[in-house]
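Visitor: Hello! I am new to this structure and would like to learn how to read its features. Could you walk me through a few of them?

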Amino acid sequence: MLKFKFALTATAAALIALSGCGGDDSAKSSSESTATAAAAPEPIILRVGYENHPGEPFDQGCQKWKELLEQRSNGAMKIELYPSSQLGSKDDIMDQMVAGEPVCTLTDGAFYYDRGVRDMGIVFGPFLFDSWDQAFKLNASPWYQEQSKLLEEKAHIHIVSTDWRYGARHTLTTKPVNKLADFHGLKVRVPTNNIQVKGFEVLGATPTPMALGEVYTSIQQGTIDGVENPLAVLYNGKFHEVAKYLLLDGHVYNVTNLVVGVDFWNSLTPEQQKLLKETCDEAGKYQNGVQEQAEQEILKKFADEGVTITEPSEEFKKELKDAAMKFYSLPDFSDWTPGLYDTVKKEMQ
């Protein structure tokens, strides 16, 4: 190996000497090309990890982001995708990014709450939004921008893009749920954050935090009675094979964010930051269209595969919303800014 390196060095030196002595243009061009190639910087590689499976709308959005970023940076910036929890859980990846690793994942206010930015947890409160427009307006508000700055300062996390429509979250169970009382004692898997735990407790359920990859077996074994998530996640996880009752409660309009660590973000030039954000925003709009179309197709697949689909009656919806109001005055969230619920409702109008 040492002889080989020496030979390369000698050859390069000879080429340079020839070019300096008036050698032909082809030798000079070859020398310059070799020097340019040697000086080319390594591409910036961002690893994007998520629990979603290949083919889900979110995965398709990430594929689009990868395509856009690599094209527009001429290969100087690259994305590697790790679906199906290959990089670990959401919390695992967030820990990695805070430690300075060049990783990215999707997350939201419920996880920000657990990382010290308490007020942001409210965006994942049950039945807070009545429409996607309200959720997007809140994301564009001065209140949200202020909270995003606090996220950088306290949790060392930077939001690259805000408006990825992950989907309205519904509940899939092994038992029918047709009224509020049917939630009582029902063991429902929720993500590993306090906001979603409390959000189901106020409905009378028994929330059970666990990684998404453990859900299928847990339902099959009777450890839990169901799971909540957007339709695409529920279907692609094949949870309907072991839970046959789908309640379209839409307890959360889940707008997700793509985030990286502050250290990684600050290591980029302003031009690289702009490129990363713009391509991520554009990919998010693409994903939102895929998500909307997929939901109708998935509902039909659920019905065709023997799932009983329940659209809550007006009476049931009122029961759910009335019960959910207890969430916003729980002692658990006494660390929220006073009047936060009213502030947020005003910002989203």
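Guide: Gladly! Let us begin with strand pairing: two strands pair if DSSP finds at least two bridges between them. Please keep in mind that this is a predicted model. Here, strand E3 and strand E8 (residues 245-261) are joined by 4 bridges and run antiparallel. Within that pair, Cys-104 stands opposite Val-260 in E8.

Visitor: How many bridges join strand E1 to E3?

Guide: There are 2, and these strands run parallel. Arg-47 has Val-103 of E3 as its bridge partner.

Visitor: Which residues of E3 lie on each side?

Guide: In a regular strand, side chains alternate between the two faces of the sheet. In E3, Val-103, Thr-105 and Thr-107 are on one side, with Cys-104 and Leu-106 on the other, and all are buried. Because 5 of the 5 residues of E3 (residues 103-107) are buried, this strand is largely enclosed by the rest of the structure.

Visitor: Now for pockets. What is the volume of the largest pocket?

Guide: Rolling a probe the size of a water molecule over the atoms shows where empty space is left. The largest pocket has a volume of about 490 Å³. Its lining has 22 residues, with His-170, Leu-248, Asp-249, Gly-250 and Tyr-253 nearest the centre. Helix H13 gives the largest share of that lining, 5 residues. By class, the lining of the largest pocket has 10 nonpolar, 3 polar and 9 charged residues.

Visitor: And which element gives the largest share of the lining of the second largest pocket?

Guide: That is strand E4, with 8 residues. The second largest pocket has a volume of about 390 Å³, and the residues of its lining divide into 8 nonpolar, 8 polar and 6 charged.

Note on methods
Residues numbered from 1 in each chain as written. Predicted model: local features only at pLDDT ≥ 70, side-chain atom pairs only at ≥ 80, totals over all residues. Heavy atoms only, no water. Buried < 20%, exposed > 50% of the residue type's maximum accessible area, 1.4 Å probe, protein only. 1 Å grid on protein atoms, 1.4 Å probe; cavity = no way out; pocket = protein on both sides within 12 Å on 5 of 7 lines; lining within 4 Å. Points joined across faces, edges and corners; volume = space filled by probe spheres on them. Nonpolar A, V, L, I, M, F, W, Y, C, P; charged D, E, K, R; others polar.
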